[in-house]
Amino acid sequence: MGAWFFKKSRLFRGLVVFVMVWFLIISTPFVPNLILNSLEDQYAPVYERELADQKARYHIIVLGGGHGFDSRLPANSLLSQKALGRLNEAIRLHRQLPNSKLVLSGFSSTEGQTTQAEMLQETALLLGVEREAILLQKEPGNTFEEAKMYSEGYGSASENKPQHPVILVTNASHMSRAVMTFREFGFDPIPSPTNFRLKGSWKHRWVGLPAIENIENLKVGVYEYVGIAWYNLLLSDIAI
């Protein structure tokens, strides 16, 4: 009886130590920041002075980021923080590039309700963008579908159709997967990431107390790497 209890006690202590170590790994800054920085550091936001032709007819593609529904609120209050950040970045670029158009993308998960593309359009109009400078993609529900639909609507270099230079706007952590997907459809997008989760001194913070923000950063980073792996498999089966 004593030996059995001793073995169970050792197992219990080992399990407690494992859980504590795992908790410290995921809730302190080192591992989450390492993973998230590896994604967010790949691209930087675009400035008009960096573009070879500032008068080109750029298409600034804003990938969908989520929204809600509430008849009391204006469109800008219904966009998720993620979607609003993406639209803000796109409008910044549109103001600097006079011949550009915004390509606003995203479906509605609730049948008959306003789509993400339409909600982005309503917000853009509220913020002073001309309706003629907006194009909509109301059907796609993910990054793959957004790239595929844009390719079908506006063509790609491989199809010898007229092609606008593309600026791609999405979260910094998501940009690698988005660029990879659009390239697979024959485009060479200029990435302009936004919604950076790690900024300033937080980018280089490796030691700290456990915090829910670190767990969320790890979740975002792992989600994107899983998404990249899945898209690699998906795209490898597609002949563009």
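Guide: A helix is a DSSP run of H or I with at least four residues, a strand is a run of E with at least two, and both are numbered from the N terminus. The model is predicted.

Visitor: How many helices and strands are there in the protein chain?
Guide: Read along the sequence, the pattern is α-α-β-α-α-β-α-β-α-β-α-β-α. The C-alpha trace spans about 80 × 45 × 40 Å along its principal axes. The tally is 8 helices and 5 strands.

Visitor: Which strands are the edge strands of the sheet?
Guide: The sheet is open, with 5 strands in parallel pairing, in the order β3-β2-β1-β4-β5. An edge strand pairs on one side only. That holds for β3 (134-137) and β5 (190-191).

Visitor: Which residue in β2 is the bridge partner of Val 62?
Guide: Strand β1 covers residues 59-62 and β2 covers residues 101-105. The two run parallel, joined by 4 bridges. In β2, Val 62 has as its bridge partner Leu 104.

Visitor: What angle does helix α7 make with β4?
Guide: Helix α7 spans residues 175-184 and packs on the sheet. The strands touched by α7 are β1, β4 and β5. The direction of α7 makes with that of β4 an angle of about 150°.

Visitor: At what angle does helix α6 run to β3?
Guide: Helix α6 takes in residues 143-154. α6 lies across β1, β2, β3 and β4 (166-169). Its angle to β3 is about 120°.

Visitor: Which element gives the most to the lining of the largest pocket?
Guide: The largest pocket has a volume of about 700 Å³. Its lining counts 31 residues, with Gly 64, Gly 65, Gly 66, Lys 82 and Arg 86 nearest the centre. The elements giving two or more residues are α4 (81-96), α6 and α8 (212-236). With 6 residues, the one that gives the most is α8.

Visitor: How many charged residues are in the lining of the largest pocket?
Guide: Lys and Arg count as charged, whereas Gly counts as polar. The lining has 7 nonpolar and 16 polar residues. The charged residues number 8.

Visitor: Which element supplies the largest share of the lining of the second largest pocket?
Guide: This pocket has a volume of about 150 Å³. Its lining includes Pro 29, Asn 33, Trp 202, Glu 213 and Asn 217. By class, the lining divides into 5 nonpolar, 4 polar and 3 charged residues. The largest share, 3 residues, comes from α8.

Visitor: Why is the pair of Tyr 150 and Phe 187 classed as it is?
Guide: There are 5 aromatic pairs. Planes under 30 degrees apart are stacked, and those over 60 are edge-to-face. Tyr 150 and Phe 187 have ring centres 5.1 Å apart and planes at 55°, so the pair is tilted.

Visitor: How many residues apart in sequence are the parts that this pair ties together?
Guide: Tyr 150 sits in helix α6. Phe 187 sits in the loop between α7 and β5. The pair therefore ties together parts whose separation in sequence, in residues, is 37.

How values were computed. Residues numbered from 1 in each chain as written. Predicted model: local features only at pLDDT ≥ 70, side-chain atom pairs only at ≥ 80, totals over all residues. Heavy atoms only, no water. Pairing = 2+ DSSP bridges. Contact = heavy atoms within 4.5 Å. Axes fitted to C-alpha atoms, helices over the stretch in contact; angles between N-to-C directions. 1 Å grid on protein atoms, 1.4 Å probe; cavity = no way out; pocket = protein on both sides within 12 Å on 5 of 7 lines; lining within 4 Å. Points joined across faces, edges and corners; volume = space filled by probe spheres on them. Phe/Tyr/Trp six-rings, centres within 6.5 Å; stacked < 30°, edge-to-face > 60°.
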